[in-house]
Amino acid sequence: MAKSKKVFLCSNCETNFSKWSGQCSECAEWDTITEQEQPVFPNKYSGYSGALSEAQTLSEVNLTSESRIKTGMAELDRVLGGGLVQGSVVLIGGDPGVGKSTALLQVSGTLSSKIPVLYVTGEESPQQIAMRAKRLRIPDSNLRILAETRIEHICAVAASEKPHILIIDSIQTMQVADVSSAPGSVSQVRESAARLTRFAKESGTAIFLVGHVTKTGDIAGPRVLEHIIDVVCYIEGERDSQFRIIRAVKNRYGAVNELGVFAMTENGLQEISNPSAIFLTRGSEPMPGSVVMAIWEGSRPLLIEIQALVDESHAENPRRVTLGLEQNRLAMLLAVLHKHGGVVTYNQDVFVNVVGGVKVNETSADLATILAIVSSLRNMPLPRDMIVFGETGLSGEIRPVSGGQERLREAAKHGFKTAIIPAANAPKEKMKGLQVIPVEKISEAIAAL
Ligand code: TYD
Ligand code: MG
């Protein structure tokens with residue numbers, strides 16, 4: 001017979017705790033943890049009466065190739081790993097106003113001329129959506145709209161309409177009847193997403209979920225959705241910049257960190273198929289502290305400007321501020337610069353910014369960061385047609401990075417004339433129009449300037 005054990009359960013996010021506390025450490029709600037009885041079975045496997053599934057060897061597994069639906073936005077298809085997989089659930093996250101609804105309305109407008117699409121809105125009225133569709137010049141289409149927030153009802157309508165693609169805008173407005181907490185709470189969001197995922201898997205419908213990012217940068221509480229769904233994408237971009245970047249952070253059907261670049265225009269999101277060009281639009285004068293680097297994003301090189309501002313500090317602790325780069329990395333690079341390059345910055349404030357709101361989490365930006373700092377410190381503008389990439393080691397050595405040839409080719413394509421790169425990445429043959437300066441040590445790179 002089952003015995004029972006005392007557990008402490010948060011009524012908001014349903015996390016288990018071994019002891020009581022006033023605030024839930026998972027969802028930060030106060031006064032939601034209560035003591036509950038939980039049955040314990042003496043032996044987990046005795047009395048199991050379900051059907052037993054059989055194990056099989058890997059080669060026996062049926063590999064019907066998953067069919068992919070093209071969304072009509074090539075950049076989005078690339079982020080998804082080559083199109084939308086049937087029965088998959090894709091979360092599109094981002095700050096309010098970044099363009100999630102716009103992107104999905106454009107996608108559903110294009111697709112609904114070929115396949116049935118159902119757009120469920122919990123935020124805007126059908127009139128608002130129709131007006132936006134008109135502004136986006138979406139041709140009169142068969143797109144079906146449903147204004148509803150009850151998951152049971154949405155699944156029932158979807159089961160009878162049988163759309164190939166279902167769009168839920170947004171998951172924070174959805175609710176299931178047998179969860180008592182308010183829409184937008186962790187348990188409602190999680191349960192709604194779980195039911196929709198089950199529906200997607202059973203019916204083969206592909207689902208897009210819109211998710212607003214909370215102040216802490218997570219989608220409705222700490223990573224509650226990421227393990228349930230197949231693909232998690234974020235739309236990033238500053239409100240006053242017109243560029244938007246779509247990035248996959250989890251993808252069961254393709255590579256992550258693939259990047260799609262768009263511009264928000266009056267006619268909605270427009271794809272930018274040659275992103276290097278937009279991140280390089282700079283003034284005509286060479287400026288100190290500005291360097292173009294070739295980073296690797298997903299499956300392609302991307303040329304991006306990095307800027308440094310080094311200024312005399314009057315504070316006890318000089319400031320080290322990074323935008324788009326990791327702060328610890330900057331601290332490390334400054335130490336290496338001092339020890340192996342003889343460049344002193346302990347009495348300087350150092351600010352580093354990656355242009356265009358792009359986040360770089362790749363070590364090939366090291367050398368460019370260092371050269372931008374030296375350029376700003378010495379008030380020495382660098383040639384505008386120079387490109388830099390390479391990783392810096394703690395003993396001042398410049399280490400090679402992957403994709404060296406592709407990075408150089410991209411630079412040559414955009415008219416760059418010189419490249420300061422790791423010696424181990426130097427091409428065997430001369431590249432047309434591009435003078436390569438291979439460096440092995442940080443001191444050589446500074447001397448090359
Ligand atoms: P929206 O898609 O409503 O954002 P989300 O669903 O992520 O909250 O995006 C709205 C913003 O986009 C709004 O500030 C206006 C702007 N916008 C354009 O610049 N051009 C357009 O064609 C549309 C439809 C919106
Ligand atoms: Mg919206």
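## Overall composition

Of the 449 residues in the protein chain, 47% are buried, where buried means under 20% relative accessible area, exposed means over 50%, and partly exposed lies in between (1.4 Å probe, protein chains only). The model is predicted: local features need pLDDT of at least 70 and side-chain atom pairs count only at pLDDT 80 or more, whereas totals for chains, interfaces and linings use all residues. Residues are numbered from 1 along each chain as its sequence is written, chains are lettered from A and ligands numbered from 1 in the order in which they are written, and side-chain values use heavy atoms, with hydrogens and water left out.

The secondary structure comes to 10 helices and 23 strands. These are DSSP runs numbered from the N terminus, with helices being H or I of at least four residues and strands E of at least two. The C-alpha trace spans about 75 × 60 × 50 Å along its principal axes.

## The shell around ligand 1

Ligand 1 is surrounded by 16 residues, of which the closest are G97, K100, S101, T102 and T265; a residue is near a molecule or strand if one of its heavy atoms lies within 4 Å of it. By class, the shell holds 4 nonpolar, 7 polar and 5 charged residues. Here Ala, Val, Leu, Ile, Met, Phe, Trp, Tyr, Cys and Pro count as nonpolar, Asp, Glu, Lys and Arg as charged, and the others, Gly among them, as polar.

The space taken by ligand 1 is the second largest pocket. The elements that give two or more residues to its shell are α2 (100-111), α3 (126-135) and β13 (259-265). The largest share, 3 residues, comes from α2. A pocket is found on a 1 Å grid over the protein atoms alone, as an open set of points where a 1.4 Å probe fits, with protein on both sides within 12 Å along at least five of seven lines. A molecule sits in a pocket if more than half of its atoms lie within 2 Å of its grid points.

## Polar contacts and burial of the ligand

Oxygen atoms of ligand 1 have a backbone N or O atom of G97 at 2.7 Å and a backbone N or O atom of K100 at 2.8 Å. A polar side-chain atom of T102 lies 2.6 Å from an oxygen atom of the ligand. Taken alone, ligand 1 exposes 550 Å², and the protein buries 74% of that; accessible areas come from the Shrake-Rupley method with a 1.4 Å probe.

## A buried arginine

R407 lies in helix α9 (residues 404-413) and counts as buried because its relative accessibility is 0%. The side chain of R407 reaches the backbone oxygen of S402 at 2.9 Å. A polar contact is a pair of N or O atoms within 3.5 Å; within protein, one must be able to donate a hydrogen and the other to accept it, and residues adjacent in sequence count only if both atoms are side-chain atoms.

## Loops and backbone geometry

Most residues other than glycine have a negative phi, and most peptide bonds are trans. The peptide bond from D169 to S170 is cis, with omega near 0°; S170 is in the loop between β9 (165-169) and α5 (186-203). Phi is positive in K162, near 50°, and in N379, near 55°. K162 belongs to the loop between α4 (151-161) and β9, and N379 to that between α8 (366-377) and β19 (386-388). K162 is exposed at 57% relative accessible area, and N379 is exposed at 58%.

A55, in the loop between β3 (33-40) and β4 (68-69), is exposed because its relative accessible area is 78%. Its C-alpha atom is separated by 60 Å from that of G341, 286 residues apart along the chain.

Technical notes:
On a 1 Å grid over the protein atoms alone, a cavity is a set of points where a 1.4 Å probe fits but cannot get out, and a pocket is an open set with protein on both sides within 12 Å along at least five of seven lines; lining residues have an atom within 4 Å of a point.
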